Amino acid sequence: KDRLIRFVASPEGELVADIYPRLGGRGAWVSADKQHLETACSKNLFARFLRQSVTIKEGFIGQVGDQLAQILINRMSMMRKSGALVTGRGKLEMAASRLEGLLIADDASQREAASLIQMVQPDWYETGLPAALLGQIAGVDSLAYAGVLRAAYPSEQKQIDTLLVDLQRWRAVTQTQKTRE
């Protein structure tokens, strides 16, 4: 279910994305992929699976992408507050031996990003994230880098795993690609 999003109809018959699968009622699970969502909307598949007519507002898929982005921001902000995520190059360099992952903004210098990756040698890295999205983690306009620290406890590892799933779902719905591997 990590790659799926549940949708339900509101009491007024409006289609609602149930990102955290907690809303009551019959639900329709759809792949967290923009093309699949567009097909489901255009062919009225939601009405068929929910067994009732549904209203789909203009820009609905964009709203789902915005919801997923907000979930991503909230998760990374919580990780930052709990000390599991650090922001800024200086802090990343100081935490190099404890870094598991690296998040790199879309407007970060490729040369500087390559240098940072070589220096901190993370287990994984994600590129092409909007700098404004990363900036919201730290309450600034934009941010070029954020690092995810290695988990010391199973609960911290679960947070990291969930972050990676959230990133994957957000990328699929918004079709935001990694800029480089």
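Reply: Start with axes: they are lines fitted to C-alpha atoms, for helices over the stretch in contact, and angles run from 0 to 180 degrees between N-to-C directions. Helices (H or I, at least four residues) and strands (E, at least two) are DSSP runs, numbered from the N terminus. This is a predicted model, where local features need pLDDT of at least 70, side-chain atom pairs count only at pLDDT 80 or more, and totals for chains, interfaces and linings use all residues. Residues are numbered from 1 along each chain as its sequence is written, and side-chain values use heavy atoms, with hydrogens and water left out.

Me: At what angle do α3 and α7 pack?

Reply: The angle is about 155°, and the axes of α3 and α7 lie 9 Å apart. Angles over 145 degrees count as roughly antiparallel, so α3 is roughly antiparallel to α7. Contact means heavy atoms within 4.5 Å; residues making it include L68, L72 and R75 of α3 and L163, D166 and W170 of α7. By class, the contact has 13 nonpolar, 4 polar and 3 charged residues. Here Ala, Val, Leu, Ile, Met, Phe, Trp, Tyr, Cys and Pro count as nonpolar, Asp, Glu, Lys and Arg as charged, and the others, Gly among them, as polar.

Me: Which helix or strand gives the most to the lining of the largest pocket?

Reply: α7 gives the most, with 7 residues. The lining divides into 8 nonpolar, 3 polar and 9 charged residues.

Technical notes: Parallel < 35°, antiparallel > 145°, perpendicular 65-115°, else oblique.
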